[in-house]
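This report is written for a reader who is meeting this structure for the first time. Please keep the sequence and the 3D view at hand while reading.

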Amino acid sequence: MDYFKKQLELLGTEREEDRQSYLKLTQSSSAAQRRANGLCWYPVAIRGTEPAKGDYLVVELERTTHTDIAHQLRFGASAVLFSNHDPQQDRIEGVVSYQGGNRLKLSLRTEELPDWARDGKLGVDVLFDENSYEEMQQALKLAAKPDAEKEYKLVPVLTGNRAPTFDTTLAPIATRGLNSSQQEAVQKIVAANDLAIVHGPPGTGKTTTLVQAIKALWQQDHKQILVVAPSNTAVDLLSEKLADEGLNVLRVGNPARVSEKLMSLTLDHKMTAHSHMKEIRNLKKQANAYRDMAHKYKRNFGKAEREQRKALFDEAHKILKEVGNTEQYIIDDLLARAQVITATLVGANHYTVRHLKYHTVVIDEAGQALEPACWIPALKAQKLVLAGDHCQLPPTIKSQEAARNGFSTTLLEKCVQYYPEAVSLLQEQYRMHETIMGYPSATFYENKLQANVAVAQHSLAGQEPPLAFVDTAGCGYDEKQEGTSTTNPEEAAFLLRHLALLAGNLAPHYTPETFPSVAIIAPYKEQIRVLKEQLEHVPALQPYLARISVNTVDSFQGQERDIVYISMTRSNTDGIIGFLSDIRRMNVAMTRARKKLVIVGDSATLCQHPFYAGFMQYTEAQNAYQSAWEYADL
Ligand SMILES: Nc1ncnc2c1ncn2[C@@H]1O[C@H](COP(=O)(O)OP(=O)(O)OP(=O)(O)O)[C@@H](O)[C@H]1O
């Protein structure tokens, strides 16, 4: 089908761009630079080795210095072990099979560690993630087959060619603690024959709703459900909440967050606890003993010794094969017992579960998922539930060409457009004061959002108003171009003075520990750097540093804070607002605030765009418009 041909083309373009930017970042850089970019652990120490089935060796490594650097050595990533003596020659590729804290296990296709691993400093580099692209490509190819519709029931539905149907005779489902739009969503999910969509604006309890819906689905037919999301963090959250509801959850893959509750849901952990595990441990010990014996015969010994060596290795192999079979038995047993399997989109094809099919698949955070990645789980399902908010940030696309040609339009967005009748909009939100909610609701959600009574009027101590736009027009706070990014140091300084004033007003009501949480958000990375730097030098804010986080809009998606400041940064005479014109980014930024939202920006620049002009009108109507001039003596 042409539809999938186009998707394959776009995916190819994106893959190439992604690979190029990876190469640019790694090729001529030192281990220390790659380490700083999160692409390398260096140095690492070997903590143990263990043979695994299929001629693999699992090496456990620990990074001993620079342990606080964020990194991308995640479960499933392709990685390479190298020696600093000759990183081009002395290297061996593998896959990260476990990562937690400062330890990781690397599964290498070798029987024994090469000699170079014993001298010189060792490091591990993340390799470009070809595997995820391969899986996505594979899924698209399957869906593109001429008779795909016979095997994959959802293909015509998800490509807009066959409207979804619903069981209209379904009796009302009893749920506890849900509001009416959440209840309707659960009803629609259970009644759907092929597709249901949950549109969850900020703070509307999308996760709460999904968990209840998954419970209801299980109760309906006792069929195993696959629950997936694009990020490990989202999968972790759902896994925990589903387990809290008493469901038997199996988390495939490696959680991003280390928590005991979460670990107990993983396949690894459940395997360790399985009754057949003792047998495996004994067998592995035996295999190791045979290998150790074999190693005593060096390769350059005579014929008889070589034969002896081979016989011992063969014996070890035989045992490991048995280990493999027993492990498979345990895995099958655990899989069969799970009511819900959770994984990332690509993780749905993890070797332990890739053969499974499900009646229902649920994709959460579908607004953040690349379409080809959604096809991986979608091809395993008779019925799909998509949940997310296409009015918040779409997935990040590396290739501008692919983005221009539609790669950033998600499957969620398309399905909402094809089938509005399949969509349940969650309407009641539990986060924002109603004045903060008002403009996003009018612009993105047809004014349908309501604030739950508990939050509608909640505010900071001292009668602080919930909303302010502070206009810097005419102040001469001009933006500066920093490479591909933008800064506005004077706007940053003003924002921090404004926050310091607020902190002073709040101080009598709170201790530094109970002080409201604060986010300072800017759309540009360089402006974040400037804000962080300046923040260190504002004495009035020092007691509250632990309560203040400064970051880009994208990194705050899904989070909330009591107070949010947004530094709009752009201020120029041409009215150029760059990627601020992607108003979904602003939707995310504005809707992080619970009790107070302060936006600092230059109206003369911003108002060239109707979204910001409208926002200015809204703030005026709410009596929330201020000029920075009013703070001249700050
Ligand atoms: N029916 C409800 N009654 C009371 N509180 C609720 C209800 N539904 C959700 N909440 C509360 O609203 C908050 C947000 O819920 P949840 O985490 O499920 O939302 P979400 O939509 O997934 O969040 P996000 O906006 O980050 O995607 C939580 O504190 C939750 O307890």
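The model is a predicted one. Local features are described only where pLDDT is at least 70, and side-chain atom pairs only at pLDDT 80 or more.

**The ligand site**

The backbone takes part at Gly177, where a polar atom lies 2.8 Å from a nitrogen atom of the ligand. The backbone of Gly205 also has a polar atom placed 3.0 Å from a ligand oxygen atom. At Thr207 it is the side chain that is involved: an N or O atom there is 2.5 Å from an oxygen atom of the ligand. The ligand on its own would expose 630 Å², and 66% of that area is buried by the protein.

**The strand barrel**

Six strands form a closed barrel in the order S1-S2-S5-S4-S3-S6, and their pairing is antiparallel. From one strand to the next, the twist averages 45°. In general, the strands of a sheet are held in pairs by backbone hydrogen bonds, in either a parallel or an antiparallel sense.

Strand S1 covers residues 40-52. On one side S1 is joined by three bridges to strand S6, residues 122-126, and the two run antiparallel. Trp41 faces Val124 of S6 in this pairing. S1 also pairs with strand S2, residues 56-63, through eight antiparallel bridges. Here Glu50 has Val58 in S2 as its bridge partner.

Strand S1 also contains Pro43. The peptide bond leading from Tyr42 into Pro43 is cis, and its omega is near -5°.

**A covered strand**

Strand S19, residues 518-522, is mostly covered, with five of its five residues buried. Which way do the residues of S19 point? Val518, Ile520 and Ala522 point one way, while Ala519 and Ile521 point the other way, and all are buried. S19 pairs with strand S20, residues 548-552, over five bridges in the parallel sense. Within this pairing, Ile520 is set opposite Val550 of S20.

**Residues in loops and in a helix**

Thr569 has a phi of about 70° and lies in the loop between strand S21 (561-567) and helix H21 (583-590).

Glu365 has a relative accessible area of 29%, between 20% and 50%, so it is classed as partly exposed.

A further loop residue, His350, is placed between strand S10 (340-344) and S11. His350 is buried because its relative accessible area of 17% is under 20%. The side chains of His350 and Thr352 make a polar contact at 2.5 Å.

Thr352 also features in a C-alpha distance: its C-alpha atom is 8.5 Å from that of Asp332, although the two residues are 20 apart along the chain. Asp332 is part of helix H12, residues 303-337. With a relative accessibility of 38%, Asp332 lies between 20% and 50% and therefore counts as partly exposed.

| Residue | Relative accessibility | Class |
|---|---|---|
| Asp332 | 38% | partly exposed |
| Glu365 | 29% | partly exposed |
| His350 | 17% | buried |

Note on methods. Residues numbered from 1 in each chain as written. Heavy atoms only, no water. Polar contact = N/O pair within 3.5 Å; in protein donor to acceptor, adjacent residues only side chain to side chain. Areas by Shrake-Rupley, 256 points an atom, 1.4 Å probe, with all protein chains shown as cover. Pairing = 2+ DSSP bridges. Helix = DSSP H or I, 4+ residues; strand = E, 2+ residues; numbered from the N terminus. Axes fitted to C-alpha atoms, helices over the stretch in contact; angles between N-to-C directions. Buried < 20%, exposed > 50% of the residue type's maximum accessible area, 1.4 Å probe, protein only.
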